[in-house]
Amino acid sequence: TKSLAKFGHQPPRVPQHSPHPWTAPAYGQKVQFATADASPPLDAKATQQIQAIAGTFLYYARAVDSTILVALNEISNQQAKPTMLTRAACDMLLDYLSTHPDATVRFYASDMILHVIAD
């Protein structure tokens, strides 16, 4: 929640349960085309904010909440020259993190025995 406050993000009116947009597959087609981003580019200040969001939540994603790694990957791929679509993806990620602020990782003991053979 401190990171969300750092970026001045307000909680969403409607809960966001997906960290990134989803493209529905077109069943029956042999070729699935990717959508092209034709939205206008962001200015230097907004570009720096996109880079700050990606950098801030990368450690959190690797350590605690791996569900946001795909969204961060998409944002990080476009952070050098972000567009309005990248900004929308960041807003969706921040809405998701605001809706689900207390992600945890739990490890449970099991009866599994790991055998390793090395040369």
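Contact here means heavy atoms within 4.5 Å, and helices (H or I, at least four residues) are DSSP runs, numbered from the N terminus. With that settled, the tour can start.

The model is predicted: local features need pLDDT of at least 70, side-chain atom pairs count only at pLDDT 80 or more, and totals for chains, interfaces and linings use all residues. Residues are numbered from 1 along each chain as its sequence is written, and side-chain values use heavy atoms, with hydrogens and water left out.

**Stop 1: helix α3**

Select residues 69-77, which form α3. Which residues of α3 are buried? Colour Ala71, Leu72 and Ile75, and you have them; buried means under 20% relative accessible area, with exposed over 50% and partly exposed in between (1.4 Å probe, protein chains only). These three lie on the same side of α3, because they cover an arc of only 95° around the axis. That arc is taken from the directions from the helix axis to the C-beta atoms. As background, an α-helix has 3.6 residues a turn, so residues three or four places apart point the same way. Now show α2 and α4 (84-99) as well: the buried residues of α3 pack against both.

**Stop 2: α2 beside α3**

The crossing is left-handed, meaning that the near helix is turned anticlockwise from the far one by less than a right angle; clockwise would be right-handed.

For the side chains, pick Ile50, Ile53, Ala54, Phe57, Leu58, Ala61 and Arg62 in α2, which meet Leu69, Leu72, Ile75 and Ser76 in α3. By class, this contact has nine nonpolar, one polar and one charged residues. Ala, Val, Leu, Ile, Met, Phe, Trp, Tyr, Cys and Pro count as nonpolar, Asp, Glu, Lys and Arg as charged, and the others, Gly among them, as polar.

**Stop 3: α4 beside α3**

Next, look from α3 towards α4: their axes come within 10 Å and cross at roughly 155°. That makes α3 roughly antiparallel to α4. Ala71, Leu72 and Ile75 of α3 make the contact with Thr86, Ala89, Cys90 and Leu93 of α4. The residues there divide into six nonpolar, one polar and no charged.

**Stop 4: α2 against α4**

α2 and α4 pack at an angle of about 35°, with their axes 11 Å apart, and their crossing is left-handed. Select Gln49, Ile50, Ile53, Phe57 and Tyr60 in α2, then Thr86, Arg87, Cys90, Leu94 and Leu97 in α4, to see where they meet. This contact has seven nonpolar, two polar and one charged residues.

**Stop 5**

Is Thr86 buried or exposed? Thr86 is buried, with a relative accessible area of 1%. Leaving aside neighbours within four places in sequence, Thr86 touches Ile50, Ile75 and Gln78.

Finish on Ser98, also in helix α4, which is buried with a relative accessible area of 19%. Beyond neighbours within four places in sequence, the contacts of Ser98 are Leu4, His9, Pro11 and Pro12.

Key. Axes fitted to C-alpha atoms, helices over the stretch in contact; angles between N-to-C directions. Helix = DSSP H or I, 4+ residues; strand = E, 2+ residues; numbered from the N terminus. Parallel < 35°, antiparallel > 145°, perpendicular 65-115°, else oblique.
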